[in-house]
Amino acid sequence: MRLRVLASGSGGNASLLWAGDRLVLLDAGLPVTAMTERLLESRVGMKAIDHVIVTHGHLDHSRTAGVIAKRQGATLHAPAEILEHRSLKRAPERRPLGVGVDEVIGEGADALAIKTALVPHDCFPTLALRLEQHGRVLSLLTDCGEPREDLGKALGGAHVLLIEANHDVQLLREGPYPQSLKDRVLGAGGHLSNDQMAIMLRRLLNPHLHTVVLLHLSAKNNRPEIARRVAMEALEQAGRSDVRVLCAEQDRPLEPLDI
Ligand SMILES: [Zn+2]
Ligand SMILES: [Zn+2]
């Protein structure tokens, strides 16, 4: 499999996954013009995307999922709770994605296996994803209010891990957000801090892991160099300084990477 993170942050999240001859869009939270530009940049034209998978109903993940699925003739996979939303109803084919289920796209050796797990977040349900094809595994954990042991089990064995590193607690506490928003981000229904990301990273470490991509960095309450340092320190302490750490960006896609 091959992955390209198109964008990540509160302004919109989206990644492309090439799985054999299938192209899967993971979250579609950018506005439609930006999304179209990023797809063209990746040489993805009309009718190229086969499946769109949405982790949860917040707009920075679901905003254009219905439009893109319609334009591309793609099947939309999302929690049943949001499938009836007007914007998602545009998709020509919609499939509910349950919590804690195993789903398979396609069949035979080329099948893409999807496992989901419930993430604590203030949008119910929010799903973490584990995607496996040909023995290669991509795990995606974002918009997670606090580290959970069961998520470590559900997302295990990843070769590439996409994990949220939303904020540095001190920068958030001293930053410009109103207190109510600070409380929300810090709470169990909010987002993973850098230190909480490190806890989950240690739980998800496994011999196959070669790349970690940090997602959803707050422009105001985090810095890529801080998030990266926290991840690299956790890896070094575990004797795994061989694992590559990248930071996803809001304004430009990352280079494609092999899973
Ligand atoms: Zn989000
Ligand atoms: Zn969210």
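## Pairing of β8 with β9

In this predicted model, strand β8 (residues 112-119) and strand β9 (residues 126-133) run antiparallel and are joined by seven bridges.

## Pairing of β7 with β8

Strand β8 also pairs with strand β7 (residues 102-105), again in the antiparallel sense, over four bridges. One point of contact between these two strands is Ile 105, whose bridge partner in β8 is Leu 112.

A hairpin is formed by β7 and β8 as well, with six residues lying between the two strands. The turn of this hairpin includes Gly 106, which has a positive phi of about 80°.

As a general point, the side chains of a regular strand alternate between the two faces of the sheet.

His 61 is located in helix α2, which spans residues 59-62. This residue counts as buried because 24 other C-beta atoms lie within 10 Å, where the cut-off for a buried residue is 20 or more.

Leaving aside residues up to four places away in sequence, His 61 touches Val 54, Thr 55 and His 56, and also Asn 13, Asp 27 and Gly 29.

Conventions:
Residues are numbered from 1 along each chain as its sequence is written. Chains are lettered from A and ligands numbered from 1 in the order in which they are written. This is a predicted model: local features need pLDDT of at least 70, side-chain atom pairs count only at pLDDT 80 or more; totals for chains, interfaces and linings use all residues. Two strands pair if DSSP finds at least two bridges between them. A residue is buried if 20 or more other C-beta atoms lie within 10 Å of its own, exposed if 12 or fewer, and partly exposed in between; C-beta atoms are placed from the backbone. Two residues are in contact if their C-beta atoms, placed from the backbone, lie within 7 Å.
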